[in-house]
Amino acid sequence: MEYSEKDIGPDLIWDTATSAPNRYAKLYDRSFLVVIEEFQNTAAYVYRDRECERAQDPSIPGSWHHLSESKLAPMLVTGSYVGWLTRICGKYLKAGRLKRTFIDPYLTPEDGLEAVYRYAEYFEEPITNETAVQINKVCMSDPFFIYCVFQNDSEEKDLTTERGVVDAVHFEIADENSEMSLTWGEYIELSLKRINTRNSKRLMLHLSKHSDREWTPKDLKDALGLDIDEDRIKALLENMVEADLIARGGSDIDFRGLKDGTLNLILRHRFEKEIESFQPDLKKGFREEVEALEKDKKALRGVVNHLAGKMAEYQLATEFRSKKRFAPSRYFANVADDAALNVVDVRMRATFQRADGKAMKLDVVAESDCGRVLAVEVKKTKTPVGETAVADFREKLGAYAALHPDKRLVPAFFSTGGFTDEALKKCLEHGIATASEFVFEFFRN
């Protein structure tokens, strides 16, 4: 690279860099996966000089034309500006060199709820099982939206209450410095440079609000009462398709909004006052969604309990943190020591070493200020657990107790598939509480 820059120039440097994975793969007989995120940006932000003063080279994506078919260093490219990306690939990576795969940005409601629990654990942000469902609902199971809500730095953020959830979600949409606003703002500003007219914004907002159907220029002219002809409307729509703000429909004259609820919220906050002469009360809408969930306790409980087989550790840890003071019998049967715990610390996957160095793990550990520790083993199986699983748990308990002689263990075993008769007998003999389902009671602390 140093030789190329000194004696030959930037072209050879670029060729050396782009071809490196393929050359190394041949040299070392080892495959590589070449991943380029936001591939379309190579056409706009790669300059031919260090000072970035010479014009960008829009043909840069063509550098990978022959490399993209390598079996030794295959390529995976991504782009959030789908139209822009596909146009570039169609022009510079011809003959179907890259297979197109379109990814839905949303998770299923169940997977979205799992994401809420995982982000809460990662960011160490307190939530309740009730607010977990609320966050997932208002964020539309969008993993990026969920992530933004957990990492935002709004004042007095509290995701353990209904009001706190609404405030945090609204902050991400309305505050110009929030992660969500900044990310979408960059996308929208870049796109609006090509379509920044009042009519374009009206069309974009309308299509975003009504993305469940396709619209022709005539439909839009009639619905919005536009004072421009249909050909002009079609031209504006074509520009918006090129800018990745709307999508084509089933025919050349059909157009539809992007099926992205977060984009719709951002567009409404930014443009509805300018276009419709009033500022939308998005917070009211969020509040109504949360209140609707709040009213249907049975459905809320069903959603959380349905996920217990997959996220039991997260739900238990969340429950123990949010309730803080409880008797173990609230969740487990046959508890030998049922005095109320006042929880001061909750950990998942608490790892430790046995005396001989063997690594061990307790799934959930909740420590009380009285010196007792609720230690929970979690098994997510479709069939009943047997004596072997109980014996393994007892081994862990013994090793943990040896390391913490000042603690008094309250052991409990949760198995989604239940227990064999022999396993239940062993649990009773050794003072291990049991449960095969959880019924979380939703109420204010």
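This is a predicted model: local features need pLDDT of at least 70, side-chain atom pairs count only at pLDDT 80 or more; totals for chains, interfaces and linings use all residues.
Trainee: Thanks! Is C370 buried, exposed or partly exposed?
Mentor: The relative accessible area of C370 is 45%. The cut-offs are 20% for buried and 50% for exposed, with the class we need lying in between. Because 45% falls in that middle range, C370 is partly exposed.

Trainee: What about C139, is that residue buried or exposed?
Mentor: The relative accessible area of C139 is 0%. Buried asks for a value under 20%. C139 therefore counts as buried.

Trainee: How many disulfides does the structure hold?
Mentor: A disulfide is a covalent bond between the sulfur atoms of two cysteines. Here the cut-off is a pair of cysteine sulfur atoms within 2.5 Å. Applied to this model, that gives a disulfide count of zero.

Trainee: Which cysteine has the sulfur nearest to that of C139?
Mentor: C139 is in no disulfide. The nearest cysteine sulfur is 8.6 Å away, whereas a disulfide needs the pair within 2.5 Å. That nearest sulfur belongs to C148.

Trainee: Do strand 5 and strand 6 pair in the parallel or the antiparallel sense?
Mentor: Strands of a sheet pair through backbone hydrogen bonds, in one of two senses. Two bridges link strand 5 to strand 6 (residues 341-353), and F326 has L341 of strand 6 as its bridge partner. The sense of this pairing is antiparallel.

Trainee: Which residue takes a positive phi in the hairpin of strand 6 and strand 7?
Mentor: Strand 6 and strand 7 (residues 359-368) are antiparallel and share nine bridges; in one of the pairs, F352 has M360 of strand 7 as its partner. The hairpin leaves five residues between the strands. Among the residues of this hairpin, a phi near 95° belongs to G357.

Trainee: How many bridges join strand 8 to strand 9?
Mentor: Strand 8 (residues 372-379) and strand 9 run parallel. Among their pairs, V376 has A412 of strand 9 as its bridge partner, and K379 stands opposite S415 of strand 9. The number of bridges is eight.

Trainee: Through which helix does the chain cross from strand 8 to strand 9?
Mentor: The two strands run parallel. The chain links them in a right-handed β-α-β crossover. The helix on that path, residues 387-403, is helix 17.

Trainee: And which helix makes a β-α-β unit with strand 9 and strand 10?
Mentor: Strand 9 and strand 10 (residues 433-435) run parallel, with three bridges between them. In one of the pairs, F413 has T434 of strand 10 as its partner. The β-α-β unit is right-handed, and its helix, residues 421-429, is helix 18.

Trainee: How many of the eight residues of strand 9 are buried?
Mentor: Strand 9 covers residues 408-415. It pairs with strand 8 and with strand 10. Strand 9 is largely enclosed by the rest of the structure, because its buried residues number six.

Trainee: How much space lies in the largest cavity?
Mentor: One cavity reaches 30 Å³ or more. The lining of the largest cavity includes T18, W64 and M75, and it divides into six nonpolar, two polar and no charged residues. Helix 2 (residues 10-28) supplies the largest share of this lining, three residues. The space in the largest cavity is about 50 Å³.

Terms used: Residues are numbered from 1 along each chain as its sequence is written. Side-chain values use heavy atoms; hydrogens and water are left out. On a 1 Å grid over the protein atoms alone, a cavity is a set of points where a 1.4 Å probe fits but cannot get out, and a pocket is an open set with protein on both sides within 12 Å along at least five of seven lines; lining residues have an atom within 4 Å of a point. Grid points are joined across faces, edges and corners, and a volume is the space filled by probe spheres set on the points. Helices (H or I, at least four residues) and strands (E, at least two) are DSSP runs, numbered from the N terminus. Ala, Val, Leu, Ile, Met, Phe, Trp, Tyr, Cys and Pro count as nonpolar, Asp, Glu, Lys and Arg as charged, and the others, Gly among them, as polar. Buried means under 20% relative accessible area, exposed over 50%, partly exposed in between (1.4 Å probe, protein chains only). Two strands pair if DSSP finds at least two bridges between them. A crossover is right-handed if, with the strands pointing away from the viewer, the path from the first strand over the helix to the second runs clockwise.
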